[in-house]
Amino acid sequence: MANCILAWRNWIDESGVALSASSALSSLPINNLANPILAKVYRSSSSVSPTIDIDLGAARAAGVLGLFGHNLASGDTIRHMLSAVSAGGSELLDTGAVASGAQEGYAQSVKVLAASVNARYWRIEVNAPSLSPTPGYVEIGRAFIAAAWQPSRNFSFGSGEKWTDASLVAEAERSGAEYIDLGPRRRERSFALEFMSAADRDQSRELDRLAGLTGQVLFIPDPNSADLQREAILGRLKEMSPIEVTHYSVFSRSFAIVESK
């Protein structure tokens with residue numbers, strides 16, 4: 001098991017970023033990929049093989065890529081290309097067309113790069129035969145490209161994972177019948193880094209400074225996992241826990257991440 005990864009500064013959210021697509025519905029444009037609300041999707045117009053180009057405006061450190069809130073099947077393919085010189089260039093990265101790996105109930109596809117690269121241009125080529133002829137379009141809720149922090153020591157035993165359900169259940173006093181108002185279900189992950197180095201502490205500080213309680217954070221428990229597309233979670237910090245000094249030059253803190261919808 002490899003050490004976990006955390007990423008939080010999504011370059012899509014920076015000023016000067018330009019997004020374009022070979023096919024887009026005017027009412028659900030490509031710029032929706034820069035909206036943190038996954039339900040506010042980009043949708044292709046009568047195409048199941050759109051090409052998306054993202055110009056970050058400047059070279060940015062990229063260690064992890066992700067598409068979230070999409071409607072792709074596991075066997076549909078995604079090709080990522082990263083370049084420092086041109087849109088559609090691939091001198092830094094070309095994954096080729098690889099299966100999205102998306103699992104039912106987990107509408108996400110995450111790619112961890114073998115090494116960080118400084119890229120300005122990100123091209124995404126999607127081919128989704130599972131969506132033809134019905135519904136006949138591709139939807140994606142959020143694009144994510146960021147530097148990756150991999151702590152020097154992994155999280156400790158005792159990490160937790162659960163689903164939460166915001167549905168409301170009312171019980172009639174006389175009959176005992178239950179009336180249900182359905183709400184969304186989402187995941188939560190909790191874990192602790194109990195042996196952080198000074199460098200790890202500094203990264204943890206930056207996470208709090210830039211993401212706070214509202215910015216999105218991507219947590220990947222094991223970047224080498226065969227079940228990566230179910231285990232990764234994009235969300236926000238549920239609380240900002242203190243960084244504690246446990247030994248000389250050893251630091252500790254806990255994390256709780258609530259999934260974005």
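# Exercises on strands, rings and charges

Gly 235 stands opposite Glu 259, a residue of strand 18. Strands here are DSSP runs of E with at least two residues, helices are runs of H or I with at least four, and both are numbered from the N terminus.

The model is predicted: local features need pLDDT of at least 70, side-chain atom pairs count only at pLDDT 80 or more, and totals for chains, interfaces and linings use all residues. Residues are numbered from 1 along each chain as its sequence is written, and side-chain values use heavy atoms, leaving out hydrogens and water.

## Exercise 1: The neighbours of strand 16

Task: Describe how strand 16 pairs with strand 15 and with strand 18.

Solution. 
- Step 1. Recall the rule: two strands pair if DSSP finds at least two bridges between them.
- Step 2. Take strand 15, residues 217–220. Three bridges join it to strand 16, and the two run antiparallel.
- Step 3. Name a contact. Leu 218 has Leu 234 of strand 16 as its bridge partner.
- Step 4. Turn to strand 18, residues 250–259. Its pairing with strand 16 is antiparallel, over three bridges.
- Step 5. Check the cover. Strand 16 spans residues 233–237, and four of these five residues are buried. Buried means under 20% relative accessible area, exposed over 50%, and partly exposed in between (1.4 Å probe, protein chains only).

## Exercise 2: Two aromatic pairs

Task: Which kind of aromatic pair do Trp 8 and Trp 149 form, and which kind do Phe 155 and Phe 191 form?

Solution. 
- Step 1. Set the limits. Rings of Phe, Tyr and Trp (its six-membered ring) pair if their centres lie within 6.5 Å; planes under 30 degrees apart count as stacked, over 60 as edge-to-face and the rest as tilted.
- Step 2. Get the total. The whole structure has seven aromatic pairs.
- Step 3. Read the Trp pair. The centres of Trp 8 and Trp 149 are 6.0 Å apart, with 85 degrees between the planes, and the pair is edge-to-face.
- Step 4. Trp 8 lies in the loop between strand 1 and strand 2, and Trp 149 in the loop between strand 10 and strand 11. They are 141 residues apart, so the pair links distant parts of the chain.
- Step 5. Check burial. Trp 8 is buried because its relative accessibility is 13%. Trp 149 is buried too, at 6%.
- Step 6. Read the Phe pair. Phe 155 and Phe 191 are 5.9 Å apart, centre to centre, with 55 degrees between the planes: a tilted pair.
- Step 7. Phe 155 lies in the loop between strand 10 and strand 11, and Phe 191 in strand 14, 36 residues away. Both Phe residues are buried.
- Step 8. Widen the view. Phe 155 and Phe 191 join Phe 219 and Phe 255 in a cluster linked by ring pairs.

## Exercise 3: The contacts of Arg 253

Task: Which ring does Arg 253 lie over, and which residue forms a salt bridge with Arg 253?

Solution. 
- Step 1. Find the ring. Arg 253 lies over the face of Phe 255, 4.2 Å from the ring centre. The cut-offs for a charge over a ring: NZ of Lys or CZ of Arg within 6 Å of the ring centre and within 35 degrees of the ring normal.
- Step 2. Asp 208 forms a salt bridge with Arg 253, the closest N and O atoms being 3.0 Å apart.
- Step 3. Asp 208 is in helix 1 and Arg 253 in strand 18, 45 residues apart.
- Step 4. Recall the term. A salt bridge is a side-chain nitrogen of Lys or Arg within 4 Å of a carboxyl oxygen of Asp or Glu.
- Step 5. Check burial. Asp 208 and Arg 253 are both buried.

## Exercise 4: Two further salt bridges

Task: How far apart are the closest N and O atoms of Arg 209 and Glu 206, and is Glu 259 buried or exposed?

Solution. 
- Step 1. Get the total. The structure holds 17 salt bridges.
- Step 2. Read the distance. The closest N and O atoms of Arg 209 and Glu 206 are 2.9 Å apart.
- Step 3. Use the helix. The two are three residues apart in helix 1, so about one helical turn separates them.
- Step 4. Compare with the cut-offs. Arg 209 is exposed, at 55%. Glu 206 is partly exposed, at 29%.
- Step 5. Return to Glu 259. Its side chain meets that of Lys 261 in a salt bridge, 4.0 Å from N to O. Glu 259 counts as buried, because its relative accessibility is 11%. Lys 261 is partly exposed, at 40%.
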